[in-house]
Amino acid sequence: MTSHSPDIAAPPAAGLLARLASGKLAVLLVLALLVAVPPLFFPSGFYYRVGAIVWILAIATIGLNLLMGFAGQVSLGHAGFLGIGAYAVALLPSRYGIHGIAAMVIGAALSAFIAWVAGRPILRLRGHYLAVATLGFGILIAMVLTNEQWLTGGPDGMRVPRLVLFDWPVRGSDTWYWIGGGAMLIAAWLALNLVDSPTGRALRAIHDSEVAARVIGVDVARYKLAAFVISAVYASVAGSLLAFFDGHITPDAAGFLRSVELVTMVVIGGMGSVVGSVIGTLVIVVLPQTLTFLSDYKHIMVGAFIMLFMIFLRAGIVPSLAALVRRRG
Amino acid sequence: MSVVLEADGLGISFGGVKAVDGVSFRAEAGRILAIIGPNGAGKTTLFNMVSGVYLPKAGAVRLGGEDVTGMEPQVLAARGLSRSFQNLQIFFRMTAAENVMVGRHRHEARGVLAHLLSLPSVARQNRATRAKALELLDVVGLRAQADIPAGSLPYGALKRLEIARALATEPKVLLLDEPAAGCNPVETEELDRVIQQIAQSGVAVVLVEHDMKLVMKISSRILVLDHGRPLTEGTPAEVRAHPDVIRAYLGGHGAREAAGV
């Protein structure tokens, strides 16, 4: 049928631009530039440090966005997986002499397994009930890490042995900046691949209508679980890298505040947007640093900024701005 | 023609009220069976039981001769039963083409690891899936709207999009729940053509619809429900002449008038 006027479609030039901008390669290029260009203007090593934290945490945010923004399932306990990844690289090398990279892989596998076991009953729940169940799950992991002093060193945390790659001890904020940036790009590439695949389409379908997804043959429980497991692995890897970089970890890494921070990053940056995840992480990490001159009022301003972002860029920074550009163009 | 779907004495109650009670029907390949009845007659509830969304309290559903009562919708979809919805269940944030592509899900390789790594086979499959989706969009007249977000398509188009999505599963049985509701006469005529085309391809179509002109024109048999119970079943001509049907639709007074009393 051709009764619909063609003016619904964007003009050809803008359409081409939009298609390029939404293409996988273009997104990766934007992210690569975001990593590569800023160091040219860094006045001190401190900036590398903040940058490394941004890229590493962005990995966890991208993973959580697969669960929240694509599959439409919330998790208020994802820092728990961050904690598992962090403690894996702290414990396994120091106690059992396992190589750091192997420890990271084991941590990710453990996170995947725990997500798989815990996810089955939890993901049957919806909305607020799911939020509270995942919240409990996250608190549970943080409690274990705090209370099992013989293993984890308790609330004081523990030292993380330095990562050694082929006899080369990895040190320095600038080195970790590039490692974090590279890892983030890989994480983004995998996520973008997934979105444009049968799995990604199934997840997005579940987000909009579970019943419709089911009657056309999508095993909803399987895909919710898959998204949960994948996002757990993302968080675990981010936790491992963060622990290597910091050289010291405490149970706070798995704490409730960290979980809330991750959710905030996803929502602020834009649900269902991979670039949004990175931008959201950037804003939430960098904003408090730029407001230090306000000293005691810093946290008030951070809160106010978050509210303003949500009021004026409701769909998240990246999707809202993209829509604005499309309308102008 | 062979019976593909058989409902046998289906019943369900909600809070003590029998929403559907003792309803049976048989859908044959290549034929259109219409289920009609006043609002609240239990038509959509019947669909929900047959498609596995509700678990029936009584009776059985047989698909291709096998008992499938109480199976989950995605299992039924894999066995060749799909449906559309009365209140739209569209994936609004996806494009029209992507909506239909999800319908190809059960025909695609589902290895999540391969999808993460975007292996060449995944890209190949994506292209094949999209080509098939565009074909189906063509069938329902939405080819030109393929890359428009479903959320910005008009109501009548979304009704047809649901049909294309259900067809993408390559069903043996297709349940259509009020496909013409909210459609203008041109769209209804378009729909008429599409539904007949689907039946001609060998699919057993079960149609719940209020548009009597459409029902009488395309159905080979009609089942009439009233207050959750079967009132009568027959060819369009038989049903049209049945006094109980006239009474159910027009009320007692109207029935007397129609009978010329």
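User: Hi! How many residues does helix 5 of chain A have, and how far does it reach?

Analyst: Helix 5 of chain A, residues 100–122, has 23 residues and reaches 31 Å from its first C-alpha to its last, close to the 33 Å expected at 1.5 Å a residue. That expected span is 1.5 Å times one less than the number of residues. Helices (H or I, at least four residues) and strands (E, at least two) are DSSP runs, numbered from the N terminus.

User: What should I know about the model and the numbering?

Analyst: This is a predicted model, where local features need pLDDT of at least 70, side-chain atom pairs count only at pLDDT 80 or more, and totals for chains, interfaces and linings use all residues. Residues are numbered from 1 along each chain as its sequence is written, while chains are lettered from A and ligands numbered from 1 in the order in which they are written.

User: Back to that helix: which residues in helix 5 of chain A are buried?

Analyst: Among them are A:Gly100, A:Ala103, A:Gly107, A:Ser111 and A:Ile122. Buried means that 20 or more other C-beta atoms lie within 10 Å of the residue's own; exposed means 12 or fewer, and partly exposed is in between, with C-beta atoms placed from the backbone.

User: And what do the buried residues of helix 5 of chain A pack against?

Analyst: They pack against helix 4 (79–96), helix 6 (127–147), strand 2 (164–165) and helix 11 (220–246) of chain A.

User: Which residues have the most contacts inside the largest nonpolar core?

Analyst: A:Ala238, B:Val173 and B:Val205, in a core of 176 residues. Helix 11 of chain A gives the most to this core, with 18 residues. A nonpolar core is a set of buried Ala, Val, Leu, Ile, Met, Phe, Trp, Tyr and Cys residues joined through C-beta atoms within 7 Å.

User: What is B:Val173 in contact with?

Analyst: Leaving aside neighbours within four places in sequence, its contacts include B:Val4, B:Leu5, B:Ala27 and B:Leu63. Contact here means C-beta atoms, placed from the backbone, within 7 Å.

User: New topic: how do strand 1 and strand 2 of chain B pair?

Analyst: Strand 1 (residues 3–14) and strand 2 (residues 17–28) of chain B pair in the antiparallel sense over eight bridges; pairing requires that DSSP finds at least two bridges between the strands. B:Ala7 stands opposite B:Phe25 in strand 2 of chain B. In their hairpin, which has two residues between the strands, B:Gly15 takes a positive phi near 55 degrees.

Note on methods
Two residues are in contact if their C-beta atoms, placed from the backbone, lie within 7 Å.
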